[in-house]
Amino acid sequence: MRLTRYIVRRLLLLIPVLIGVSVLTFVLIRVLPGDPVLLIVPETATEADIQQARERFGLDRPLAAQYLAYLGDVLRGDLGRSITTNTPVAEQLTRRVPLTLELIVYAMGLALVIAVVGGIYAARRAGRPSDHTARVAALAGNSLPEFWLGLVLVLIFYQALGWAPPPAGRISPLFSVPPITGFITVDTLLQGDLPASFSALHHLMLPVLTLAIVITAPLLRSVRASALEVIDSDSYRCAESHGLKDRVLLFAYLFRLTLIRLPTLAALVFGNLLGGSVLVEYVFSWQGLGQWALRGLLLRDYPVIQAYVLVVATFYVLVFLIADLLQAALDPRVEV
Amino acid sequence: MAVVDDLTHPPAKRVRRGGDGLIAAGSLILLIVLFGAVAAPWLSQWGPTEIDPIAFLEPPGPGHWLGTDGNGMDIWSRILFAARIDLGVAVASVALAVLVGGTIGLATGYAGGWVEETTMRLLDIVQAFPVFILALTVAALLGNSLHTLILAIGLINAPAYARLMRAEVRSLKSHIYIEAAECAGNSRLSILFRHLLPNALTPLLVIAPLNCGWAILMLAGLSFLGLGVAVPTAEWGAMISTGAADVVGGRWWTSVFPGLALFITVLGFNLIGEGLLQRTGQRR
Amino acid sequence: MTGADVLEISDLTVDIDGPNGTVRALDQVSLSVAAGEVFGLVGESGGGKSMLARSIVRQLPGRARVSGSVQVDGRDVFAMDAEALRQHRGAGAALCFQTPRSSLSPARTVGHQIVDRLRAHAGMDETEAWKAALALFQQVGIREPERRLGAFPHEMSGGQCQRVMIALALACGPRLLLADEPSTGLDVTLTRDILALIAAQAGKDRGVIVISHDLAAIAAICDRIGVLETGRLVEIGPTAQLLTRPTHPYTKRLVAAVPDINRVRAATGAPAGGGGPLLAVENADVVYRSRFGRQGHQALFDVSLSLRKGETLGIVGESGCGKSTLSRTIMGLIRPTRGRVMIDGIDLAGLGRSRLRHLRNRMQMVFQDPIDALNPRRSVAQIVADPLRLIRLGRAEQDRRIDAILTDVGLGPDYRKRRPHELSGGQAQRVGIARALVIDPALVVLDEPTSALDVTIQAQILELIRRLTARRDRGYLFVSHDLAIVRSICDRVMVLSEGRVVEEGPTDRLFEAPQDPYTRRLLAAVPSLSTVSERHAGNGG
């Protein structure tokens, strides 16, 4: 199977990237000023206590030895224990990942729908008022700081209008939802608890909207530009000059060709969203991956930072792999 | 135009593509912001870190046009002074990124072969790194100052320029005038600097304004998380962060105004960038 | 033979508003085409040919203003409502776009593209449409039609794509078939087949218009020809009459500019003999290695040639025969995998980068794409001065040389400050020639120097080249796909096919008594105005 071989080859290419990323993280955070051990031992600790704590986390060994031990652990599926909370990193990770993913998947979905529909609509009306409106909106959206936008939305929809819940938590405290998948909108539905489901969506509303507004801009512009390029191409003009029906023209000759270049950009946006979700999480007190990593970074919690970078890098590479597969599926000229 | 005799053919006119309006609007915005930054001491009666002991969290009014923050500092004054830092860091970091990234891209794109392959894989690794972690580690490594922020933001941006430059050089290499230059007896260095570089530089400079906007957002974002410019130095992101807690209490002016300044400035850069893209025919 | 008029254009004027003012693309054009007729529309780039075609299907740029009328089957195209226009596009007039490979939709199989058209115009259901598509593929001569229906455009050759394009237009069942530059990018033999296929579509219900810049190519199939010059239809008439007794000055110039293979070169004296060969290629193989060390593509097989001072050697062949590889190998841009290239007896392979660079004052090259061969950011003076850095002249001497060579190629010192985008194609090629000659090389390689130019411009550049070669002071290698041009310029000719030399000999001998069957086939496919006009006259047309 050519496709399987391609996917395997791409996954093998993931290995050097992950090794490079982990080495870089490992070295960078250890040359950072600040010693995690000093942050966790009590103030009365003696030199010997500190030394003991250091040994417990293996921090007394040479850097190369520490890295190899770490690599061995990771290969066995052990991401280590957090220095500050002394809980397994993997456990925290499985709790945090769904929170962030839920946020960015909804935002991405919303943004893609708006971008594709709006971009093609604008391109077909190039130069007319509706097109100009779309372009100005995209330009403005591209200039918005998402953390400020989040605050402004809170100000309007929570403070002034009272339509949104307070920016804290992912569901009203009245509901208790035992985690099944970790995705709260899914879990509430699985339990058939519709009011809880509604509450979860209600809490997702503003953060998702904030992210969606910011990321729609580049996607919309790209879709509009691709659609314009198709409309101006000889292949589309030829189909049009042969009097094809509007629906056929739109779906078979415009839509698909416009989408060919979308996966790569969408992957880039999606990847950056995971690494950059921290700002919006911060504004909405969303206990996701970004906040977790930020805290880990401030407290120099090495295993947490290492795990975070590894997860984000893997995700990044996988998203691009999926994008390339999608593109190959859309464009017969691309060989996988 | 059918040419009767190619020797009497008049010089062709340069094709205009529009985008001038966007560039003018963006330039106007940035000129105003720049004027505010330069003339800050004369435009405000308060210093950027001066505390008015009788006005904490005062709403906009005659004494403090845009109100004061929780420390009793004048927001209008701080917004003006912050422009100095935000504009300065943005322009300097993008200049650094163009210089470093451009050089790497030019060298690898022209060299080709394993040099190119290796460099590109290294850039893959850097780009798969979460941006905030990278910025923070660089900043923390070299001390928390404006210079390190410039360095951090510049270096994060450099791989993108390296890729762009490399792509540009590779596509230029397929032009016949590069082959013609070799036939004319140019040395490799001469081809690189006389024929490739001047043509490859334009696209890099065209996206620079867009990147300045992005760099400001980056700086403000870092400061918002407390990882950038240290309080009480006036910086838009840091100001929004200070005011964030007050928003829920209804004191909106502390973060809304600095955010507006940030938004408008980035919009100015983006307008120019978009206009330049249109003018060079890369976008319509 | 011909029936009622299918197309009736009267006083059609099209103005396009642009940023630099209004351009009149078409100026009071009137013509009619009858069923069963093949009408040729000829003119150079910018003449308005494509604009005329696009007016007929009412597919003009947004800022176009139109007056006059276009009637197909008696219905005014510019008065139609949206649905009537959709019906008209395709069923009324169907256009075969130029460069079919990029005009076919890239992500849809060609079979689906045909079925889309059949369903839009013939009202067929899915099954009927696929059957009809297969029949159309057979009709236009596509081999293995069943398999080809499932292919994507990028999987097909240029000739195949052109056939598919014709099938697409025919699928609409048009009253008028329009073919825009159907021979672009095709070799002579293929061009002839495609044009014959298009001409065969004229019938009792259908008229055909063929648009081309190449008068010689389409003259053989056209009943009547119209000539467009900057938007005006300056002359229109039966083919034979237009070719033999053109009345308008532009038509006269156009007819005269067409290279004619039967026109023999004026004698220019024998090449100066004596001395060893200036250029010698001995048993050269060139293999393009693919990555990962797999079997590469071999572009040249055992090619040998020699050239003396004062001599002009022509290299001809169809696209992909290895002409360009050969000229690049001679210039030292590609190293032969086997064999040698020697200039003045010096083997290029034995030279280091720096020595090879300094040998470049002995050999220079003129390129096919005149505009792209000039660095867009440099002035004409800087471009021409480029090779002079090899010999370090004083400032004044350098300027004197540049002015002299610019004058020699017909431009003059006024052009020094112009940039490439301010030059027309012909002017750009003169600058390219000036750059090649400024250092006074012993060998000049001209790689398809006129194939990107309009025919009247081509005639002027060829005149310049003839003047230069007649001086007999250098060796010239003239690479071209156009046999008629080669005949009018070269002393000796070498025919390349699929990377091998098929035949070589003195020009007159080779053209009058070709030995190799491939050469004979090539010569037979070359269109010639003189034979065409004789044939048309013989038919009483």
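User: What do the numbering and the model rest on?
Analyst: Residues are numbered from 1 along each chain as written, and chains are lettered from A in the order written. The model is predicted, so local features need pLDDT of at least 70 and side-chain atom pairs pLDDT 80 or more, while totals for chains, interfaces and linings use all residues.

User: How do you know that the span of helix H10 of chain B agrees with its length?
Analyst: H10(B) has 27 residues, 253–279. The expected span is 1.5 Å times one less than the number of residues.

User: Why is H10(B) called largely enclosed?
Analyst: Buried means under 20% relative accessible area (1.4 Å probe, protein chains only). In H10(B), 23 of the 27 residues are buried, so the rest of the structure largely encloses this helix.

User: What comes just after H10(B)?
Analyst: B:Gly281, with a positive phi of about 80°.

User: What makes the interface between domain 1 and domain 2 of chain C?
Analyst: Domain 1 is 5–257 and domain 2 is 277–525, with bounds from an automatic or database domain assignment. Contact (heavy atoms within 4.5 Å) joins 10 residues of domain 1 of chain C to 11 of domain 2 of chain C.

User: How many salt bridges are counted between these domains of chain C?
Analyst: The count is 0. A salt bridge needs a side-chain nitrogen of Lys or Arg within 4 Å of a carboxyl oxygen of Asp or Glu.

Note on methods:
Side-chain values use heavy atoms; hydrogens and water are left out. Helices (H or I, at least four residues) and strands (E, at least two) are DSSP runs, numbered from the N terminus. Buried means under 20% relative accessible area, exposed over 50%, partly exposed in between (1.4 Å probe, protein chains only).
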